[in-house]
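This briefing sets out selected local features of the structure shown below. The points are grouped by topic for reference alongside the coordinates.

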Amino acid sequence: MAAAREPHEPEKKSFKLLGILDVENIPCARESILYGSLGSVVAGLGHFLVTSRIRRSCDVGVGGFMLVTLGCWFHCRYNFAKQRIQERIAREGIKNKILYESTHLDPERKTASSNSS
Amino acid sequence: MAYPSQLGLQDATSPIMEELMNFHDHTLMIVFLISSLVLYIITLMLTTKLTHTSTMDAQEVETIWTILPAVILILIALPSLRILYMMDEINNPIITVKTMGHQWYWSYEYTDYEDLCFDSYMIPTNDLKPGDLRLLEVDNRMVLPMELPIRMLISSEDVLHSWAVPSLGLKTDAIPGRLNQATISSNRPGLFYGQCSEICGSNHSFMPIVLEMVPMKCFETWSVSMI
């Protein structure tokens, strides 16, 4: 995923959580883990303040981390996928506009004629 | 191409590879969460003083650890099947190129219009020019037009080989007596490297694949010059 480096640039290893999850380069990973950590702290601390049970609060914290991370992950990836589709449509639209401008295949001409009819 | 000490996937060059990378990220997140949970449970096991010598059953936890893995597997299987069927979609390729595996080189045939056939041997290390990539450069690259679907027919003349180009998300076995089909569609121009991916003898590591994706005009110029 890295571009070729210049000789004078130092080698930069990407940080991987548990040695597998590259949070720097995977879209939405960093936000999900950070929100998950926040959710874990809030849930665990809140449970402890209510019940004063340490072990159970740790369990709630871990469970909160997993749920919040998963929730943020799916939400962010869904929006990311929608954005990519919109970018692709826009890119194709720009390409078609440039290619077909002033020809009979011009998309704007087709839209204008369908509006007038 | 790959860079030294690389662990992750190469940059995607085709829409299928982009989908595969998204699926990989999705599955990796699930694997990361499961690993975190297991690590936490191991820590709990090692630090507890509690013992239950009279446990007879544990209905609730048994239900949870039956249902939850089934749900996780469904969450992984659905996108996986989606991509599997996406790879087999009909896409009206503009040309068909045949590649035959030999010991130890690839040969390419562009026979749709004229008879264009050539062999692609690895350039030995001693003959490399400065800046060339060791064990990856070839004497004749496979040149193809970019942003168009191309059908690849892959087979072998002798033993099993496998034609693989990681950045396009392609790996197809070359089996003698069988034609396997793959579809190439590149989003951008450039050079894309791959290596034989099925053990085929002493020089199995020394029969690379190099794809040169170029605009259509350049492809037409190249094919005319090769005939």
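This is a predicted model: local features need pLDDT of at least 70, side-chain atom pairs count only at pLDDT 80 or more; totals for chains, interfaces and linings use all residues.

In which hand does H1(A) pass H2(A)? The crossing is right-handed.

**Helix pair in chain A**

- Helix H1 of chain A spans residues 29-51, and helix H2 of chain A spans residues 54-100.
- The two helices pack at an angle of about 150°, and their axes lie 7 Å apart.
- Angles over 145 degrees count as roughly antiparallel, and H1(A) and H2(A) are therefore roughly antiparallel to each other.
- Sorted by class, the contact of H1(A) with H2(A) comprises 11 nonpolar, 12 polar and one charged residues.
- The loop between H1 and H2 of chain A contains Ser52(A).
- Ser52(A) has a positive phi of about 60°, although this residue is not a glycine.
- With a relative accessible area of 54%, Ser52(A) is exposed.

**Helix H3 of chain B**

- Helix H3 of chain B covers residues 216-226, and its buried residues are Phe219(B), Trp222(B) and Ser223(B).
- Viewed down the axis of H3(B), the buried residues fall within an arc of 95°, so they line one face of the helix.
- In general, an α-helix has 3.6 residues a turn, so residues three or four places apart point the same way.
- Lys217(B), Thr221(B), Val224(B) and Ser225(B) are exposed residues on the face of H3(B) turned away from its buried side.
- The cover over the buried residues of H3(B) includes strands E1 (95-102), E2 (105-110), E3 (116-120), E4 (142-145) and E10 (208-214) of chain B.

- Ser107(B) is a residue of strand E2 of chain B, and it is buried, with a relative accessible area of 7%.
- Leaving aside residues up to four places away in sequence, Ser107(B) touches Lys98(B), Thr99(B), Met100(B), His102(B), Phe118(B) and Asp119(B).
- Trp104(B) is located in the loop between E1 and E2 of chain B.
- Gln103(B) and Trp104(B) are joined by a cis peptide bond, with omega about 5°.

**Loop between E3 and E4 of chain B**

- Leu135(B) is found in the loop between E3 and E4 of chain B.
- The phi of Leu135(B) is near 65°, a positive value in a residue other than glycine.
- Leu135(B) is buried, with a relative accessible area of 18%, whereas Ser52(A), which also has a positive phi, is exposed.

Methods
Residues are numbered from 1 along each chain as its sequence is written. Chains are lettered from A and ligands numbered from 1 in the order in which they are written. Side-chain values use heavy atoms; hydrogens and water are left out. Axes are lines fitted to C-alpha atoms, for helices over the stretch in contact, and angles run from 0 to 180 degrees between N-to-C directions. Helices (H or I, at least four residues) and strands (E, at least two) are DSSP runs, numbered from the N terminus. Angles under 35 degrees count as roughly parallel, over 145 as roughly antiparallel, 65 to 115 as roughly perpendicular and the rest as oblique. A crossing is left-handed if the near helix is turned anticlockwise from the far one by less than a right angle, and right-handed if clockwise. Ala, Val, Leu, Ile, Met, Phe, Trp, Tyr, Cys and Pro count as nonpolar, Asp, Glu, Lys and Arg as charged, and the others, Gly among them, as polar. Buried means under 20% relative accessible area, exposed over 50%, partly exposed in between (1.4 Å probe, protein chains only). The arc is that of the directions from the helix axis to the C-beta atoms. Contact means heavy atoms within 4.5 Å.
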